[in-house]
Amino acid sequence: MPCCETIANRRVLFVMAAEQEYGSHLRRRFTPLMTGVGPVEAAMATGIALHTLDQRHALPDLVISLGSAGSRICRLGEVYQVLSVSWRDMDASRIGIARGVTPFLDHPVDMPLTTPLSLQTARLSTGANIVGGEGYAAIDADMVDMETFAIARACQRFEVPLMGLRGISDGPGELSGISGWTQLLSLLDERLAEAVDLLGETLSGPRKP
């Protein structure tokens, strides 16, 4: 059963993909909805969770997607707030639709997310592949993940704002096996927890109209 945390009298649902990213610092702060890896798992798990909460008249005031990301532009070990998210798998350009836009849906290539924290921001690309090496050259974004766009679409369905926090685990050079992803996760766990701590103070301020 999905469970929201209460932060500054707001219901907040934290969403993560993998247990490997959920370290001791984050565990002391919240219990997330774990979706599994990739856009299909993320869309399914988030949609079901929000539907369940909606049926209980307990939709969150805010959803936060957080975890690791790859980048060859952003600094390794740093946490970035997601300015916008795009979907690199969607390509209907052969029928005249911009790459990244779902046919017959009205959404921009880069979907803006809410950015309440005074943290550095970066544009994110979601897709079903792990990116490495020269694969970054074909992606028009600062960092990559495998879930946030799918979570954003589920949140739009229920009119719930989404915020994204991503720590850079890999990117420069070619990714050499799973250890290339996991070696910085303990550091990112600590730094993501610090970003989460900023949320209470920020949400304690007056609500924006």
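The buried residues of α2 are P39, A42, A45, T46, G47, A49, L50 and L53, where buried means under 20% relative accessible area, exposed over 50%, and partly exposed in between (1.4 Å probe, protein chains only). This is a predicted model, so local features need pLDDT of at least 70 and side-chain atom pairs count only at pLDDT 80 or more, while totals for chains, interfaces and linings use all residues. Residues are numbered from 1 along each chain as its sequence is written, and side-chain values use heavy atoms, with hydrogens and water left out. Helices (H or I, at least four residues) and strands (E, at least two) are DSSP runs, numbered from the N terminus.

**Helix α2 and what sits around it**

- α2 has 17 residues and reaches 24 Å from its first C-alpha to its last. That is close to the 24 Å expected at 1.5 Å a residue, the expected span being 1.5 Å times one less than the number of residues.
- An α-helix has 3.6 residues a turn, so residues three or four places apart point the same way.
- What covers the buried residues of α2 includes β2, β3 (33-34), β4 and α3.
- Take L50 as an example: skipping residues up to four places away in sequence, L50 touches L13, L59, P60, V63, A154, C155 and F158. Contact here means heavy atoms within 4.5 Å.
- Just after α2 comes H57, with a positive phi of about 55°. H57 is found in the loop between α2 and β4, and H57 is exposed, with a relative accessible area of 74%.

**The nonpolar cores**

- A nonpolar core is a set of buried Ala, Val, Leu, Ile, Met, Phe, Trp, Tyr and Cys residues joined through side-chain atoms within 4.5 Å.
- The largest one has 31 residues, and L13, L50, V63, V85, M143, I151 and L162 touch the most other members. At least two residues of this core come from each of β2 (10-16), α2 (39-55), β4 (62-70), β5 (79-87), β7 (121-126), α3 (148-157) and β9 (162-170).
- The largest share of this core, 6 residues, comes from α3.
- Apart from it lies another core, of 20 residues, and V12, Y22, L165 and L203 are among them.
- In soluble globular proteins, nonpolar side chains tend to be buried together.

**Helix α3**

- 7 of the 10 residues of α3 are buried, so α3 is largely enclosed by the rest of the structure.
- Those buried residues are T148, F149, A150, I151, A152, A154 and C155.
- Just after α3, E159 takes a positive phi of about 55°.

**Strand pairing**

- Two strands pair if DSSP finds at least two bridges between them.
- β5 and β7 run parallel and are joined by 6 bridges; in this pairing V85 stands opposite L124 in β7.
- β7 also runs parallel to β8 (residues 143-145), with 3 bridges between them. Here S125 has V144 in β8 as its bridge partner.

- G67 is in strand β4 and is buried, with a relative accessible area of 2%. Its contacts, leaving aside neighbours within four places in sequence, are E21, L165, R166, G167 and L192.
- The C-alpha atoms of G67 and I168 are separated by 8.8 Å, though these residues are 101 residues apart along the chain.
- S71 is found in the loop between β4 and β5, yet S71 is buried, with a relative accessible area of 0%. Not counting residues up to four places away in sequence, S71 touches Y136, D142, M143, I168, D170, G171 and P172.
- A8 is found in the loop between β1 (5-7) and β2. Phi of A8 is near 50°, a positive value in a residue other than glycine, and A8 is partly exposed, with a relative accessible area of 29%.

**The whole protein**

- There are 5 helices and 9 strands, and read along the sequence they follow the pattern β-β-α-β-α-β-β-β-β-β-α-β-α-α.
- Buried residues make up 51% of the 209 residues.
- Among contacts between residues at least 6 apart in sequence, 73% join residues at least 24 apart.
- The C-alpha atoms fill a box of roughly 45 × 40 × 30 Å, taken along the principal axes.
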